[in-house]
Structure formats: structure tokens, C-alpha cells
Amino acid sequence: MSFAIEVPGEAAPLTPQQVYLALQSASSSQQLSIQTGTQQLQTWETQRGYYPLLQAVYLDKTLPSEIRYLAIIQLKNGIDKYWRKTATNAIQPEEKAQMRSQLLDGGIREVETNLALQNALVVAKVVRIDYPLDWPDVLTSLIKILRTVNHTNQLQLRRGMLILLQVIKELSTARLRTSQIRLQSVAPEIVFLLNEIYTEKVATWVGFFNGNGDDEGGAMDAMENSLFAIKILRRLLIAGYEYPNHSKDVQQLWEHSQHQFGQFLDMVSHDPPVLVSPAKDLVEKHLVQFSKLHAQMANSHPAAFALLPSSLDLVRAYWGLVAKFGQLYGSESQDFSSKTRRDDTDKDERPVMEKLCLKGLNILRACLKMVFSPVQSFKYKTPEVKVEQQEAVALVKTQLLTDELVGQVASVIVTKFFVFRQVDLEAWEEDADEWEVREEGGGDTWEFEVRPCSEKLFMDLVINFKHLLVQPLLSFFQSVARTNESTVVTKDAVYTAMGLSAPVVFQSFDFDSFLRSTLVNDVQQTGPGYKVLRRRIAILLGQWITIKVSEENRPLVYQIFQHLLEREDETNDHVVRITAARQFKAVCDDFSFDPDGFLPYAQDILHKLLQLMEEVTTEIRMPILDTIRAIAVRLEHRISQFADEIVSILPSLWESSGEEHLIKQAILTLMSTLVTAMKEQAQRYHAMILPLIQRAVEPGSEMQVYLMEEALDLWLTILTQTPSPASPEVLTLAECTFPLLEIGSDNLRNVLNIVDSYILLAPEAMLDNAVRPRLFAYMTNLLGVSKRELAGLVTAIVENMVRTAEALGGSNGVTQVAKDLHESGYTEKIFEGLRDAWEAHQTIGPGRRYPKLDDVVETDYFTILARVALADPSVFVTVMSSVGDVTEVWRWLSTEWFRHFDSMANIDRQKLSCLALTRLLELSPPMTPIILERLQDYFAMWASVISEMIGGRDDGGDNLIWLANEGNEFEGPEDVRRRLHAGRDPVHTIHTFNFVKEILGQMVIICGGEEAFQRDWVVNVDKDVLAGFQDLGTKKNDSAAFWQPQE
């Protein structure tokens, strides 16, 4: 038995035969062949000659269609990657020229539609890049081809227009002004030609259907070609003209489109029918293209739309069409008891009248936007254009948007398009969950669905014609409120209008009274159809709660939602309960929400939400989780009494979600909210939460990709709410931070915050010999991080480690930390940066250079050195000796340090450096004379910092010494730790003036007394500096320098 071995793709040379074989393998039905062929094609992507060979395969009509199709697809993908001159491994210019020369002909002569379409897309992509510099004659060539084949070959005409359509589509997406101008320069010629073709072809097929001729095949070809022509024309009229109304050709086409719109509409709506499919379908497609042209002109060129011939009559005609369609759309004859199902074949088919009416509603919206919310632009407009646009707005405002039309539109929308239809009921019955999700879709669905579009139009009308519509609406609302005879469908429509108009009518409509008298009664009704009304009442309350519901009626709202969420009530099907669950989030999010007032209803509503959660599909669980989280956020610490029930269902939700990581994200976010609200009481959930976090942050796991951010947020929240001492499980999790520090991802900020929290929560554990050196090694790697926030966190971590080491281990602790910082390379990097800054500041004039460090980072570096020096000056000297001769290092370091004081924006950092440098005066000889070389800088520093510390007060205190702070009841465990940690900081406990006085007094004694100190050292200090320094002493005793003991 023999086996055929596939040779790896890299071994095959690039030849026409090999390309064909690779394409054959890639289009095979066997997985191994597909893989081998695909790998080979990918290998050739960057080789010269590959793409011309692909084109040759496509052009060879003797080859199988699937091979040619795969070849043109590969070519199309290669255009995206390698056609631009700047691309890596770009296609060579001579290859491009060869391929361009065959692109048009290869598309024109192609018989198979799918192959012709892919070739047209290739042409469009090449034109977008190469026109007009490298392929200047492409459009003129296309025009010439179209003229030639117009009367000789209808298929080639269709292929030529297919190419032109894709080219115009591509060019019309350009945003650069130069690209737009190029298209506008050729648009008139193309429009003229296509107008000729379109007019001729329409005359051909209209004549055939009117009984002139018997060439049915020719008529159908003419319909196909006229459809292509109008598709291109509608795009050119929008993208090819800056001011379409200035062009005679556009004006002529515009009038022609309106005439034919009416003509074609009569053809497809005639009773009895005069057309059947496929001819009727093609005529309907012509109508849709006209409506798209009208709608796009109204949105893209509103002023031109208003000023083009007969445009206002066109809008009125559209409105007549919409109103007529509304009679059929909004029929109230619903059978709520039936369980009928739509025919699956018609389910997704939308009648052409619905498409046309949708465009009509969009055009009305565009007219309102033109008048009341015009698009603002920075583009220069001549005075004539500005006047023209003002005239257009005035024309629409005065002649179109009359009181009569506005009233009609609002009335038809409320009474027809807001009506709950039989088709809606059938979709609800067929798949309740899917229907509910679709109804809550939001986004841009209004552009493609009649009801959402009519809702948008209604809101525009109510907002901009408040004076006209508020009173009729109020009368309408009150008429429904006063009677019980209105049908479910009528009430649903009225309540829809009531909710949408809430921001406008709230001052005139007593919703609180309506809530008590009508809604409470309606929500208790049972029977066929009342589930529709219950769903609408939930939405209505969600819309009004944030606008106007009194405090005394809030309990009534809670009771209504309790009722709507009741599972035992048969009228509350899934849709009603899911809608109530969604809308209750708006109730919780309201600014006036009172958690204490809601507390009596919280347990029951939460229980029902959790019940519903277990019944619905994964997609619907997300909004319910959002509502539960909103309740937890607003209840704050009060949620503790209900948390056990919430948490009890989360493990099963987690397991059942499978690969739906959005649910897992929502669960982790909900847990973060609960932990924040419950503070230390949340420790009882650690056994469940900590393993989830560990799995979610595990490097290389799939969960890490999707859940990292939420897991880190939850981890950080747990640390901030965990009291000291932490449990072994929490401490064990700290080990997981090290791999995350290596990744250095967008979540690095959270990881660093977690490390910082661990230092405060468990300082002994973080200073352990197994943890401390590794942590400093990672901080060394992050020392040069570019983001300011991250650099600040790295500094804070090292700073807190130094302070913690001193607090727990005294001088030995500081010595050990300093040794670790040296061994990890941290101090070496600091000194390198500071040395570079010092050298840069020595340069002047034209040769001056700037340091690599910015001032903020340099302050961070000095902060770490200051912490070590303040903790133990002798350790600081050891640190300096580790990077060079102490005397030399001190001289350049002190020069840069004192110079940098003026660049320290934070007064806390100034005081820290002042205290640290002052402590260095405690060092015994031989360091004393080296330190005193900088005495003038010391005096200047003291004068500056001390004046800041005692400035504005006459009690002799220090501005940075904090008063005792007992905290408050809202503090979490970490808030307490941080408050105590900051309160123990020498910056906030040491009196600067007294500290300097004491240290300097000791220094005078070491130097041999006052007279020797004055003679040997003070004599070298500038008199003005000394005077400024001595002025500080006058605040204590004018008879002696302030460092001397005061009487």
C-alpha cells in the first residue's frame, strides 16, 4: 500500500502550474489539502510574479469556476495588503501596470456574475489607490467602453456598469478634499452618459409592457441595465456634486426621478396587477433606488434638496404615501387569543411600500433636522451659499412644516404607527425572548424599521412644535384616562406617545394623578392582550421615573414592578417580566431614588429578578444582572442582608454561561459592587471569589483574555475591603501579581495598585525574603515606563516599601531594602538618570542639551533617595558609595538635587527632600566637611521650605503637620490603613523649623562652636542668602540665630 505525501508549501517553486495546483488544493473538500494549499498561497504572497499569475488563472476561462473564483479572491485580498507603494513587500510597478491593463477587459467579458463582481471589486480597490496619478485614464476608458457596447452587447454593458458602480462606491467614500474634487470633476460626463443609457433602457422596457414589441428578453436586459444605471446615478448625484442644485443635469434628473417614481408606483400597485415577478421585482427595485436618492439628498445636501425642483411637493407626496400605508399598518383588528404563525417564506420579506414609507419618514426627519438642528461645519461658505441655505431653511419652515401637516403627522404616527400589530403579536408568540431582545435593540434600528423611525420623528415633532402639539396630546391622554372603553391596542399606542413626550409635557400633565387613577387599574387587568399593556406600562414608568414621579408615589411604582415580576400571574409572560426587569434599572438609577424607601420591597423584587434569571437565555441575563447591580449600588451597605441569595445563584450562572464571557464579566462586576458595598462583611465570599480570580488572571488561559480587567477590579476591591490581618488565602493570591507585572498590558495600572494595596495590607508578607527581591526586580524593569500614572505608582510602591522596612526593621530593614534596590539595578538606573540630568544642566549656549528625564520623573527619583536618607543617612552614604566615589557622587548629586528644588511642584516632596538633606548633616567626619561644602544651598533651601511651612500662620506650627484624624463611618479597611500610613509619614509629623534648628545646632557644636562655625563655614555663604535665612529666626528671637537655643 502506498501513501501520497503532501510536500510542505515552502518547497514548491512559483510557476503557473504550481499556482494552479495550490489553488486546486485550497478549493478541495479535503481538510488536509485545503490546509496545504492555503499555506502555499500564503507563502507566495510576498514573492514577485505571484499576483500576475493569480490574474492569469482568473482570466483563463478554460479552468473550473471554483479555481478562478479563489484566484480572484486571493488577488483582491492581496490588493489590500500589497498594492500601496508604502506597503512592506509591495507589488512591483511593472507588475501593477501589467495587471491594470487586463482588469477592465477581464471584467467586461466575464460571463459568470459572481466572478465579474469580484473582479469589479478588485478594479475599485486599484482605482481608489492609483487614480489619477498611476491610472489616469481608467474612467475615460470605462466611459468609452460603455458607449461602445451600449447598442451592441447588453451583457457587456451590464458588466461595465457593474465595474463603474463599484468604482463610484469606492471613490465616494473618500474623505480627503482632493479625492472629492477629482470625483466631482468627472461626475458631469459620467452622469450625462448614464442618463442617456438609463432613459433609453427605461423607454425600451416601459414600451414593451405597454404592448410595443415582443422582445421579452431584451426588455428584461433593459430593466437590469437601467437598474444599474440608476444605482450609479444616485451615488454620483450625492458624492459627485458639492452643490447639486446648481447643476442643470441634476435638476433635470431630479424632476425625471419624481415623474418616474409616480409612474413606477402605479405599475406595481395597480389592481389588478399588470406586472408579475421577476419584472415586478425589478420595477420595485427601481422605486427603492429613487427613494434612496431622495432620502440621501435630504440628509447629505439638505439645502440643495429643498431648492431642487418640486422637492416640497415630493415630500408631501411621500407623506401621502406614508398616511395611506398607515391605514394598513395600524389596523386594530388583533386576535390576542389566536396562536397563528406567519408563513416562514414571508417572515423576512418586507413589502416595497414599507420600504418606501420608511424613506418618507426619514425624509421628514431630515427636513426637521435642516430647520431645527442644522449640521455645523468649519468648511468655508461664500456669502451666496449662506444666503441660499437660509432661503432653503425658510422655504421648508414656512411652506412645508405647516401647522396642518405637523398635526397630521403626529396624529397618524400615534394612531397608526404606534399601534401594536398582529404581526408583532405573532412574533411575540413565536419566540418571546428573541422578540423582546429585538424590540430593545436600540442603536440605529430606527433607520430600518417603521415603528422606531416613527418614534424618532414623533420626538422631533414634540420637541420642536411643543406649542402646537402639547395641548392635543394632553387632551388625548386625558380622554384615555377618563374612560375604560379604550382597547388594549389604543392604550398601548397612547402610552407609547406619553412616554416619548414625557420630557416636554411633564409640566402640563399630572402623571402622579394618572399613575394612581389609571395605571394602577390597568396593570391589574387580566385577559387576552393585557400582557401587551403591562409591557408598555413598565416602559412608561421607566421613561417617567427620572422626569416626574413624586416621592409619595415611589412605593406605588415599586408595587407595580413587584406585580409585573410576579411569576404566578399568567398575564406576566417572559416578555412582560424581562421588560420590567430592564426598566427597573431606570428606577434605581434615578437621582431621587431613596434606598431606605425602597428597602421594604427590595427582598421581594430581588428574589423575583433572581427567579427570572434562572429561566431566561444567556443573552437576556445580562440586562437582569445590570439591574441587580444597580440595586446593589444604590442600596450600598444595606445590600448585605440580601447578598447571600444573590451570591447563591452566581456559581450556577458561571458554569452554565460556557463560552459566553460577557456573562462572566457581568458576574465579576456584580461581585465587585457587592464587596464594595459590604466592606469587611464580604469576607464570607472569599472562598468562592479568590479561585475565580486566580483562574481569570492565569497567564495563557482563555479566561485571561476576556476576564482580566474585571478580575483585577474585583481583586483590588477585595484588598481594599479586607481588614488586617489578611487571611492566608488572600496572601497566597499575591504570588499571581508577578506574572502580570511581566505582561505589562493595559491592565498594568490595576496590577500596580494591587501590589501597593498588598504592601499596606500585609507589609510583613511583602517584605519576606522570597517576595521583596523579586518585587524590586520588576519595579526596576518598570522604572522607565512612559505613562505618568504608572511611573507614579512604581515610585509609590518603592517608597512604601522603604517606609515599611524602616517601621518594621529599623536601620536593619532600611539597609536590607537598600541592598535589594542596588542588586536589582534600581538605584543604578536612578543615578544614571540623575547623572545625565546634571550633565545636561552643565551645558549652555548653542551646544546646550536637554536631560532625558522630565522634571516629574526626576522628582520621583529624588523622592526614593530622600526616603532612604531620611530613614538612615549612613545607609544613603553606602548607596552613594555603591555607584562611585562618595565625594564625587555627592558633589554632582547635591548640585542637581538643590537645583531641582525649584522644579518640585509638590510641596510635600520639597519638605521630604529638605528633611532628608538636613539629616545628612548628622553624618560624622569625614562626611561633615564634604556636606558643608553645600552650606549656601542648605541655607537657601531652608529659607524657601521653612517659609512655606510657617507661611500664613502665627502659632509657630507647620502647614504640613496634620491634626489627629479619627476617620469617618464611611471608611473602608484600606481607607483606614492609608490614613494611618499617611499620618505616620515624617512629612506630616516633623516640624520643619524645629527639626532644622535642632540639627543645625548639633552641627555647630560638632564644628567647634558658634565662632568657629561662623569663621570656617558661614563666611563662605552669600550675605543675601544668609539674610533671608536669618529672617526666619526673627520670628522667634531677634537676639540670636534661630538654630541657637531660645530663651
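Modeller: Gly833 has a relative accessible area of 12% and is therefore buried (buried is under 20% relative accessible area, exposed over 50%, partly exposed in between, with a 1.4 Å probe and protein chains only). The residue sits in helix H40, which covers residues 826-841; helices here are DSSP runs of H or I with at least four residues, strands are runs of E with at least two, and both are numbered from the N terminus. Leaving aside residues up to four places away in sequence, Gly833 touches Leu853 and Tyr861, where contact means heavy atoms within 4.5 Å. Gly784 is 49 residues from Gly833 along the chain, and their C-alpha atoms are separated by 9.9 Å.

This is a predicted model, in which local features need pLDDT of at least 70, side-chain atom pairs count only at pLDDT 80 or more, and totals for chains, interfaces and linings use all residues. Residues are numbered from 1 along each chain as its sequence is written, and side-chain values use heavy atoms, with hydrogens and water left out.

The domain assignment gives domain 1 as 14-173 and domain 2 as 831-1031; such bounds come from an automatic or database domain assignment. The C-alpha centres of domain 1 and domain 2 are 72 Å apart.

Arg158, in helix H8 (residues 154-172), counts as buried because its relative accessibility is 14%. Beyond residues up to four places away in sequence, Arg158 touches Asp221, Glu224, Asn225 and Phe228. Ala502, in helix H23 (residues 502-505), is buried at 0% relative accessibility. Ala502 and Glu255 are 247 residues apart in sequence, and 41 Å apart from C-alpha to C-alpha.

For helix packing, take H36 (residues 748-761) and H47 (residues 973-983), whose axes come within 10 Å and cross at roughly 75°. Axes are lines fitted to C-alpha atoms, for helices over the stretch in contact, and angles run from 0 to 180 degrees between N-to-C directions. H36 is therefore roughly perpendicular to H47 (under 35 degrees is roughly parallel, over 145 roughly antiparallel, 65 to 115 roughly perpendicular, and the rest oblique). On the H36 side, Asp756, Ser757, Leu760 and Leu761 meet Glu974, Arg977, Arg978 and His981 of H47. The residues of this contact divide into 2 nonpolar, 2 polar and 4 charged; Ala, Val, Leu, Ile, Met, Phe, Trp, Tyr, Cys and Pro count as nonpolar, Asp, Glu, Lys and Arg as charged, and the others, Gly among them, as polar.

Backbone geometry comes last. Most residues other than glycine have a negative phi, and most peptide bonds are trans. Asn89 has a positive phi of about 60° and lies in the loop between H4 (65-82) and H5 (93-108). Glu636 has a positive phi near 55°, in the loop between H29 (618-635) and H30 (640-656). Asn89 is partly exposed, with a relative accessible area of 44%, and Glu636 is partly exposed, also with 44%. A cis peptide bond joins Tyr131 and Pro132, with omega about 0°, and Pro132 lies in the loop between H6 (113-130) and H7 (138-149). The bond from Ser724 to Pro725 is cis with omega near -5°, and Pro725 lies in the loop between H33 (702-720) and H34 (728-733).
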